[in-house]
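Morning, everyone. Today I'm talking about aromatic rings. Please take a look at the structure first.

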Amino acid sequence: MNPPVDLNRSRIFAEQLLDWVRGKGPILILAHDNPDPDSLAAAFALQHLFLVKAGRESVIAFGGVIGRGENRAMVAELEIDAVPLEKVDLDRFDVVCMVDTQPGAGNNSFPADREVHVVIDHHPLRKEAGTWRWVDVRENYGASATILYEYLVSQEVYLGTKLATILYYAIKSETQELGREWCRADRQAYLHLFPLVNNRILFKITHPTSPRQYFVSFSKAIQNARIYGRVLVFNLLDIENPDMVAEMADFLLRMEGIEVVLGMGRYRQGGILSLRTLDHSINAGLAMQQVLSGLGTAGGHGLIAGGQVRTLEGGEDALRDLEQTLTGRLLKTLQIEGIQGEPLTGS
């Protein structure tokens with residue numbers, strides 16, 4: 001039997017943060033753009049912590065859209081009240097918190113000239129961290145939701161069914177059911193939360209209905225995919241749902257003989273990129289930063305990463321040119337240049 005995770009760090013940080021928040025005005029909690037379950041769960045849990053332990057209400061906001069079927073189902077079933085950032089009056093908030101993202105990471109739409117006070121994340125710490133008042137970044141954790149779970153437990157906050165379900169699903173999806181980039185703290189949270197989960201709601205979240213366009217994206221990804229040895233690159237071109245790039249990257253990584261997948265698409269004149277790998281010798285976050293150097297922003301960790309090209313104008317030719325550029329950079333980064341690509345479908 002493994003010993004329990006030491007919650008002392010979480011207890012101290014949560015207590016000090018709560019003491020500081022009690023004397024402040026309105027609170028904004030920001031998830032990253034097109035938020036995934038981990039970002040939404042962390043925001044929801046922090047909102048609950050502030051309300052229960054400090055008597056302070058807060059607003060959860062996000063940029064982009066909640067596009068993936070599972071994420072939309074989670075928001076609906078668990079009644080997560082989150083609003084688009086564009087509809088928020090930022091001037092009315094005295095406290096700004098970021099969860100599962102950081103200022104300057106490129107994956108959130110919060111204005112760069114505004115102050116951020118609280119950052120809670122499990123991605124690599126950015127160099128700007130010294131300017132933030134409260135920082136708890138744990139790169140070894142598989143999910144930001146695990147950090148928030150520890151805050152709640154250390155403060156003896158009751159974990160109701162709704163809260164337990166969202167935290168459990170976040171850890172489940174972020175770590176691929178403890179199969180990807182997890183630590184002992186993630187496993188302890190996962191196992192503790194499981195008996196508290198509403199299985200009916202969890203089933204609805206994990207088996208959502210999907211529109212026809214969802215299945216068209218599978219066809220487009222397969223038709224546009226090219227294979228370079230152990231690397232696969234696909235281009236969804238113009239997309240209606242930015243989450244599809246990451247979902248198709250996860251899907252195509254299941255192909256036999258493929259260890260690295262780079263996917264891209266254009267959403268609202270911006271490039272969306274996802275990198276996935278099974279090779280533990282590759283740091284996906286660093287690789288994506290090299291691939292996008294001078295073209296956009298990127299972030300991530302060991303096996304998964306994402307990136308953005310803020311403005312990507314032009315027709316399909318511009319998207320094809322970007323694909324060629326990024327493919328060449330990726331192959332150079334992986335030191336496997338000189339490989340001729342071939343279509344996945346063989347046509």
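So, how many aromatic pairs does the count come to? It comes to 8 aromatic pairs. The rule: rings of Phe, Tyr and Trp (its six-membered ring) pair if their centres lie within 6.5 Å. Planes under 30 degrees apart count as stacked, over 60 as edge-to-face, and the rest as tilted.

A word on the basis. This is a predicted model: local features need pLDDT of at least 70, side-chain atom pairs count only at pLDDT 80 or more, and totals for chains, interfaces and linings use all residues. Residues are numbered from 1 along each chain as its sequence is written, and side-chain values use heavy atoms, with hydrogens and water left out.

Take Phe13 and Tyr151. Their ring centres are 5.6 Å apart and their planes are at 20 degrees, so this pair is stacked. Phe13 is in helix α1 (residues 8-21) and Tyr151 in helix α4 (residues 144-154), 138 residues apart. Helices here are DSSP runs (H or I, at least four residues), numbered from the N terminus. Both Phe13 and Tyr151 are buried. Buried means under 20% relative accessible area, exposed over 50%, partly exposed in between (1.4 Å probe, protein chains only). Phe13 and Tyr151 also form one aromatic cluster with Trp20 and Trp134.

Next, Tyr168 and Phe194. This pair is tilted: 5.7 Å centre to centre, 45 degrees between the planes. Tyr168 is in helix α5 (residues 161-174). Phe194 is in the loop between α6 (184-193) and α7 (199-206). Tyr168 has 4% relative accessibility, so it counts as buried. Phe194 has 44%, so it counts as partly exposed.

Methods. Helix = DSSP H or I, 4+ residues; strand = E, 2+ residues; numbered from the N terminus.
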